[in-house]
Amino acid sequence: MSQQTTTDKATDGAPVVFRPEALAEYHEILTHYPERRAALGTVLWLAQREFGWISPAVEQYICELMELPPAWVEGVVSFYSMYHRRPMGRSHIQVCTNISCYLRGAEDIYGAVSKRLDIEAGEVTADGKFSLERVECLGSCGTAPMLQLNDRFHENLTVEQVVEMLGKLERGEKL
Ligand code: FES
């Protein structure tokens with residue numbers, strides 16, 4: 001199927017279309033599923049990585065690409081909180097504050113991130129570099145406290161480690 005192109009006002013009118021590398025990844029993902037619709041969650045994850053969030057234009061693009069009904073795609077996007085329905089920072093930080101993490105200092109971790117970035121949960125820094133969320137258990141209770149930075153877990157954290165991590169990100173260094 002040829003790639004459909006839509007535009008997205010929310011992303012400065014840039015065309016919503018996978019880069020060739022992402023398109024190749026999309027086709028590779030499909031090989032792991034018995035039918036296309038079963039791959040939807042993984043493809044949406046790929047789309048979020050590519051476009052930063054699942055805007056209406058991204059949703060439409062995925063519908064067309066996968067030949068799935070809009071209601072099906074909308075249902076999955078709206079059900080799972082891991083899909084962002086508004087722009088997030090390039091470094092999206094999700095601090096788990098559920099019970100195991102809470103008991104091992106999650107509030108201190110959250111507070112350190114919030115103070116350093118000067119934002120609260122649900123906010124994005126003015127420069128668009130960071131966003132912050134509190135989240136429920138991410139399934140890594142044995143290594144609490146932890147946070148997720150984009151698609152990677154950072155575990156057994158201390159406040160000092162978090163401050164160092166943010167410093168590196170602010171300087172554009174790789175973690
Ligand atoms: S409570 Fe934080 S990962 Fe489970």
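This briefing describes the fold, the nonpolar cores and the open sheet of a single chain. The model is predicted, and its chain holds seven helices and six strands. Read from the N terminus, these elements follow the order β-β-α-α-α-α-β-α-α-β-β-β-α.

**Overall dimensions and packing**

- The C-alpha trace of the chain spans about 50 × 35 × 25 Å along its principal axes, and 24% of the 175 residues count as buried.
- When contacts between residues at least 6 apart in sequence are taken together, 57% of them join residues at least 24 apart.

- Four strands form an open sheet in the order 4-3-5-6, and their pairing is mixed.
- Strand 4 and strand 6 (152-154) stand at the edges of this sheet, and because each has a single partner strand, one side of each is left without a neighbour in the sheet.
- From one strand to the next, the twist averages 25 degrees.
- Strand 3 and strand 4 run parallel and are joined by six bridges; in this pair of strands, Gln-94 stands opposite Glu-133 of strand 4.
- Helix 6 lies across strand 3, strand 4 and strand 5 (147-149), and runs at about 155 degrees to strand 3.

**The nonpolar cores**

- In soluble globular proteins, nonpolar side chains tend to be buried together.
- The largest nonpolar core of this chain has 18 residues, of which Val-95, Ile-109, Val-113 and Leu-147 touch the most other members.
- At least two residues of this core come from each of strand 3 (91-96), helix 6 (106-117), strand 4 (130-135) and helix 7 (159-170), and helix 6 gives the most, with six residues.
- Leaving aside residues up to four places away in sequence, Val-95 touches Ala-106, Ile-109, Tyr-110, Val-113, Arg-134, Val-135 and Leu-147.

- Ile-62 is found in helix 3, which covers residues 56-66.
- Ile-62 counts as buried because 24 other C-beta atoms lie within 10 Å, where the cut-off for a buried residue is 20 or more.
- The residues that Ile-62 touches, not counting those up to four places away in sequence, are Val-43, Leu-44, Ala-47 and Val-73.
- Ala-24 is 38 residues from Ile-62 along the chain, and the C-alpha atoms of these two residues are separated by 15 Å.

Conventions
Residues numbered from 1 in each chain as written. Predicted model: local features only at pLDDT ≥ 70, side-chain atom pairs only at ≥ 80, totals over all residues. Buried ≥ 20, exposed ≤ 12 C-beta atoms within 10 Å, placed from the backbone. Contact = placed C-beta atoms within 7 Å. Core = buried A, V, L, I, M, F, W, Y, C linked by C-beta atoms within 7 Å. Pairing = 2+ DSSP bridges. Axes fitted to C-alpha atoms, helices over the stretch in contact; angles between N-to-C directions.
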